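Please read it with the structure open.

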Amino acid sequence: MDYIILTEFVLYFLLIIGVGYFTSRTKMSHDVFILGGKKLPGWALAFSERATGESAWLLLGFTGFVFATGLSGIWVAAGIASGIIFAWAFLSRKFMREAEKYNVLTLPDYLATKFGEKAKMIRWLATILIASFFVFYVGAQLAGAGKLFLTTFEMNETAGIIIATLVIIATAFFGGFISVVWTDMIQSIMMLITLCVLPIVALIYVWTNDLSIAESLITAGPSFNAWLGGTTGFAIGVLFFNNFSWFFGYLGGQPQLSARFMALKNEKEAKQGIWIAVIWTLLAYTGAFVIGLAAIAMYKQGSFVDVEIVLPQMIIDLMPPWISGLLLAGIMAAIITTANSQLMVVTSSVSEDIIHKTLGLNVTDRQLLLISRMTVLLAGVTGMIIALFSDSLLYLVVSWAWAGVGGTLSPAILLTFFWKRYSSVGLITTIISGFVFTVIWISTPLDGMITSRFTTFFIASIFGIIFSLIFPDSQQKKKESVIEQRV
């Protein structure tokens, strides 16, 4: 065990918990705990959104994926970058305006309020969808923490998962959304440093040791040096859509990301956020892709039992301990920032959408705040249990959650924003069909042929359109005109 790296990890954990505790001293109410009360600057929200969206799967999952596939991994980066840029450029300000117009705190609450005829059913279905997939998503992040502790300190994975759980729960429990955003901001910068510094050092190592990425791609396997993975004909389309399909999950359907858009204060802050998010994305994905390619030159295929430990192993091999600790903490930052954001999404769905709005329980703001904090605790422990008893790979688990939530709610958001004939029945069938078909698809060999990230989006869209045409909302136009008159 390297005690220099361990010391830096301890200091990092203390910093994150300290920032979380300090920001929690803000005068706290339920709406501030859930969405920050419109008090956060656009640049901080952009850093937070990027860190939240790119989790451990970018640093561990995507770099390992490129190491195991070669040049064709570029289409994953292209799909994700395109989705992020589209979301910030065309959806962020729409979310901001809609959140103010309907006075809502969560994505399910917005959809329920917008389609008031079946609001309770919409809240229940959206909450079940989000909670079902996101507890596994949190579990995937915690499993990533276990892998990091195992690789870095040769520590038992169970101990690593428990330590990460305690830090994640602490940051979300104290100050809610505000604490999460400010700790995200710090961690987002740490992630970016790791993804910008390591590829430069790796390329220098490759060059000074007379290694060749081009030659290594050829010797690694017949498909590694082909941008389309050596496929031909119909298989090219399948490969492209399977990799590029991450794009569809970014189109407004990830509530942990959309919450940052809803928290924006004004147009100026939104424009500021757009620039930060686009630059961050381009730098981070370029760096992660180069890391995967450099790893192919540095390590032989089959060198790792689990390819998702390529990046931390590369850091340990290339860097002195004091720098390794800082860069490895960047990986832990990715894990913590995504997990605590997902805890906040589950928490807001339970406390705001179900207890406050759907059940209409007569509770005070202080009681709602307590319920939110208890939900953070319960969801965190549930995610930890999943991580302890699951052997699923980060890339796969995140992929399924991306399909189940993003692939389902993205068409719901796009149709809500841009199609006036979208109805409450159409929205309900969008959510049900997306949930059901994701579960069916990933439980069969079909997912190995065409990913559920692609099929869920289009199946949910088709069901939503058809049922909206068959069952239009009789009161929708009247309600819209009343709200517009009030505004």
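A crossing is called left-handed if the near helix is turned anticlockwise from the far one by less than a right angle, and right-handed if clockwise. The model is predicted, and local features need pLDDT of at least 70, side-chain atom pairs count only at pLDDT 80 or more, and totals for chains, interfaces and linings use all residues. Residues are numbered from 1 along each chain as its sequence is written, and side-chain values use heavy atoms, with hydrogens and water left out. Helices (H or I, at least four residues) and strands (E, at least two) are DSSP runs, numbered from the N terminus.

**Helix packing**

Axes are lines fitted to C-alpha atoms, for helices over the stretch in contact, and angles run from 0 to 180 degrees between N-to-C directions. Angles under 35 degrees count as roughly parallel, over 145 as roughly antiparallel, 65 to 115 as roughly perpendicular and the rest as oblique. Contact means heavy atoms within 4.5 Å. For residue classes, Ala, Val, Leu, Ile, Met, Phe, Trp, Tyr, Cys and Pro count as nonpolar, Asp, Glu, Lys and Arg as charged, and the others, Gly among them, as polar.

- Helix α13 and helix α14 (residues 365-389) pack with their axes 9 Å apart, at an angle of about 135°; the pair is therefore oblique.
- The crossing in which α13 passes α14 is right-handed.
- On the α13 side, L343, M344, V346, T347, V350, S351, I355 and H356 meet L368, I371, S372, T375, V376, A379 and G380 of α14. This contact of α13 with α14 has 9 nonpolar, 6 polar and no charged residues.
- Helix α10 (residues 255-262) packs against helix α13 (residues 321-358) at about 80°, and their axes are 9 Å apart. The two helices α10 and α13 are therefore roughly perpendicular.
- P255, Q256 and R260 of α10 make this contact with S341, Q342 and V345 of α13. By class, the contact of α10 with α13 has 2 nonpolar, 3 polar and 1 charged residues.
- Helix α4 (residues 74-102) and helix α5 (residues 107-114) have axes that come within 10 Å and cross at roughly 60°, which makes α4 oblique to α5.
- The crossing of α4 past α5 is left-handed. F95, E98 and Y102 of α4 and L107, Y110, T113 and K114 of α5 make the contact, which by class has 4 nonpolar, 1 polar and 2 charged residues.

**Nonpolar core**

A nonpolar core is a set of buried Ala, Val, Leu, Ile, Met, Phe, Trp, Tyr and Cys residues joined through side-chain atoms within 4.5 Å. Buried means under 20% relative accessible area, exposed over 50%, and partly exposed in between (1.4 Å probe, protein chains only).

- The largest nonpolar core has 147 residues, of which F9, Y12, L58, F62, Y285, M314 and M332 touch the most other members. Helix α7 (residues 157-208) gives the most to this core, with 17 residues.
- Leaving out residues up to four places away in sequence, L58 touches T63, L195, W280, A284, Y285 and A288.
- T63 lies in helix α3 (residues 42-69) and counts as buried at 1% relative accessibility.
- With residues up to four places away in sequence not counted, T63 touches L58, A288, I291, G292 and L311.

**Other residues in helices**

- I186 is in helix α7 and is partly exposed, with a relative accessible area of 22%.
- I186 and L15 are 171 residues apart in sequence and 9.6 Å apart in space, C-alpha to C-alpha. I186 touches L15, I16 and V19, not counting residues up to four places away in sequence.
- W441 is in helix α16 (residues 424-442) and counts as buried at 16% relative accessibility.
- Not counting residues up to four places away in sequence, W441 touches L446, D447, I450, T451, S452 and T455. W441 and A170 are 271 residues apart in sequence and 36 Å apart in space, C-alpha to C-alpha.

**Positive phi in loops**

Most residues other than glycine have a negative phi.

- N103, in the loop between α4 and α5, has a positive phi of about 55° although it is not a glycine. N103 is exposed, with a relative accessible area of 66%.
- D210, in the loop between α7 and α8 (213-220), is a residue other than glycine with a positive phi near 55°. D210 is exposed, with a relative accessible area of 74%.
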